[in-house]
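Biologist: Let us go through this one together. I will ask, you answer.

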Amino acid sequence: MEHPENDSKYIGLTVNGGVAQPPVVNPYMHKRPRRKPLPPASELVEGILKGDVTTLSRAVTLVESLAPDHYAVAQEVIEKCLPHSGNSRRIGITGVPGAGKSTSIDVFGLHVLKQGGKLAVLAIDPSSERTKGSILGDKTRMEKLSVHPDAFIRPSPSAGSLGGVARKTRETIVLCEAAGYNNIFVETVGVGQSETAVHSMVDFFLLIQIAGAGDELQGIKRGIMEMADGIVINKADGDNIGPAQLAQAQYRSALHLFPPTTSGWMPEVLTYSGYYELGIPEVWEMIDRYFDFVRGNGYFDEKRRQQARWWMFETIDEQLRKHFYDNPDVKARLDAAEAEVLANRRSSFAAAADVLGYYFNR
Ligand code: GDP
């Protein structure tokens, strides 16, 4: 068959003339505001107090935003929501990736919601960037909860300093509580960085473990175990029931070696299966017992007071650091001082004193 390219009229390398471009793609484009105008704080607060989820999400976005005008509105909203917050159980949930946190949160969450009320699931994961897909709090990971009308799931604020990410989650708790969420779960990856921050914002700290993996494998540091109010061994199903019970006994005896907790509560160790939904009410009964215990002995309120104090100092620390490191002159001096120290020309202390001296005497 004759191929069209063999025809003498065919010129393979001709460039088509193309279509003339209109001067602007959308002539009305410039008339549109570039972003939605910021609603006044009072309007947001009103929506939040009504339990309106869209307003709540919007306010959380402002809390997470880095724009200074957003920050100001967000702080005003938080202040106004504060008197309406506090009426919730704040539960921290940690465990290494694969321990079954999302599977468990899904079933724990449904269990809690059966008793009424509303549940917010928040996360702290300083390593994640939202654009790359957050490891934690991803809606698709909690299939049942994510479609439940009384559950609000929010991924971790995007990457930043741990202090910054944690503070945003702490502030989001206030907004959720004001919107009527009386159960708050804060999820974090149990690899040892974010646990202190989570511990400082929750009433009960639940550590999810799995049998068979050594402590090193699970990345669980002694410090995390010491923070736990409850250790639960997941995947106690099928052939794994025996190993799970063995792990339970080991954790129980390990806990006896720890100093007594300030609350006076003796952390409990239970086994369960998130996937097969075995032992879920028992885990929840333990948590109920804890709340009865600490409400009875006054520790609940005391801990929240101490946490509020901790956050004040934490915020001051964060802002001071930011103010110092963001200063362009400080940055330039730091670079020079760093080079001097690395070249062994100045001592670390003298170099630090120089930069700080400049900062304090600006
Ligand atoms: P996460 O990384 O801690 O959030 O863990 P996931 O919830 O994603 O669970 C990790 C894997 O363990 C998944 O393949 C789950 O299906 C599985 N898994 C979670 N819970 C259980 C359980 O109770 N029993 C068994 N056999 N597998 C489970």
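Biologist: At what angle do helix α11 and helix α13 pack?

Modeller: This is a predicted model: local features need pLDDT of at least 70, side-chain atom pairs pLDDT 80 or more, while totals for chains, interfaces and linings use all residues. Residues are numbered from 1 along each chain as its sequence is written, and side-chain values use heavy atoms, without hydrogens and water. Helix α11 spans residues 299-326 and helix α13 residues 348-360, with axes 11 Å apart. The packing angle is about 100°.

Biologist: Which residues of α13 do L320, H323 and F324 in α11 meet?

Modeller: Contact means heavy atoms within 4.5 Å. On the α11 side are L320, H323 and F324. Their counterparts in α13 are V355, L356 and Y359.

Biologist: How many bridges join β2 to strand β4?

Modeller: Two strands pair if DSSP finds at least two bridges between them. Strand β4 covers residues 183-189 and runs parallel to β2. Within this pairing, A123 stands opposite E187. The count is 6 bridges.

Biologist: What is the bridge partner of L119 in β3?

Modeller: Strand β3, residues 151-153, is parallel to β2 and joined to it by 3 bridges. The partner of L119 is A151.

Note on methods
Helix = DSSP H or I, 4+ residues; strand = E, 2+ residues; numbered from the N terminus. Axes fitted to C-alpha atoms, helices over the stretch in contact; angles between N-to-C directions.
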